[in-house]
Amino acid sequence: MNTNIVPAYAALLALFYVALSIRTLRLRRQLRIAVGDGGNPAMLRAMRVHANFAEYVPLGLILLHFVERQGAQALLLHGLCLCLLLGRIAHAYGVSQTAENFSFRVTGMALTFTTIFFSSAWLLLAFVRQHLG
């Protein structure tokens, strides 16, 4: 059983989250906005990048952890983890741009949803094989 793949990606995602947090905090300080977005579009974008990451990554990592615990092959785990990591990077980059190129946002969400969907499907199939097969 592979038990060392997902933690490495979780660590990379955690470091990226810290970087997004620091970027948001610096912008707050620079713009002197303690709470909310203060009506500033750049602050709103930074907040949404940070929040969107916090909304999707935990679920993705939980599912990936379960997939790994169920004994998925290393190639599948790396593929799903890379989808989540690259998806979050693409989304953060796209939403961070004032003149946003929506292809980065769409690609980022598609990769994130791919991870969540295929992890969920793999877990459900594993359950069916173990309990009903």
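The model is predicted, and the protein chain in it has four helices and zero strands, so that, read from the N terminus on, its elements run α-α-α-α.

**Overall build**
- Taken along the principal axes, the C-alpha atoms of the protein chain fill a box of roughly 60 × 25 × 20 Å.
- The protein chain has 133 residues, of which 35% count as buried, and its accessible surface comes to about 8000 Å², with 67% of that belonging to carbon and sulfur atoms.
- When contacts between residues at least 6 apart in sequence are considered, 70% of them join residues at least 24 apart.

**Packing of H2 and H3**
- Helix H2 spans residues 41-69, and helix H3 spans residues 74-96.
- The axes of H2 and H3 come within 10 Å and cross at roughly 175°; because angles over 145 degrees count as roughly antiparallel, H2 and H3 are described as roughly antiparallel to each other.
- On the H2 side, the residues that meet H3 include Val49, Phe53, Tyr56, Leu61 and Leu64, as well as Arg45 and Glu68.
- On the H3 side, the residues that meet H2 include Leu77, Leu80, Cys81 and Leu84, together with Arg88 and His91.

**Surface patch**
- Leu82, Leu86 and Ile89 form a nonpolar patch on the surface, and together they have about 240 Å² of accessible area.
- Leu86, one of the patch residues, lies in helix H3 and has a relative accessible area of 45%, which means that Leu86 is partly exposed.

Technical notes
Residues numbered from 1 in each chain as written. Predicted model: local features only at pLDDT ≥ 70, side-chain atom pairs only at ≥ 80, totals over all residues. Heavy atoms only, no water. Patch = residues over 30% accessible without salt bridge, like charges linked within 9 Å, V, L, I, M, F, W, Y side chains within 5 Å. Areas by Shrake-Rupley, 256 points an atom, 1.4 Å probe, with all protein chains shown as cover. Salt bridge = Lys/Arg side-chain N within 4 Å of Asp/Glu carboxyl O. Helix = DSSP H or I, 4+ residues; strand = E, 2+ residues; numbered from the N terminus. Buried < 20%, exposed > 50% of the residue type's maximum accessible area, 1.4 Å probe, protein only. Axes fitted to C-alpha atoms, helices over the stretch in contact; angles between N-to-C directions. Parallel < 35°, antiparallel > 145°, perpendicular 65-115°, else oblique. Contact = heavy atoms within 4.5 Å.
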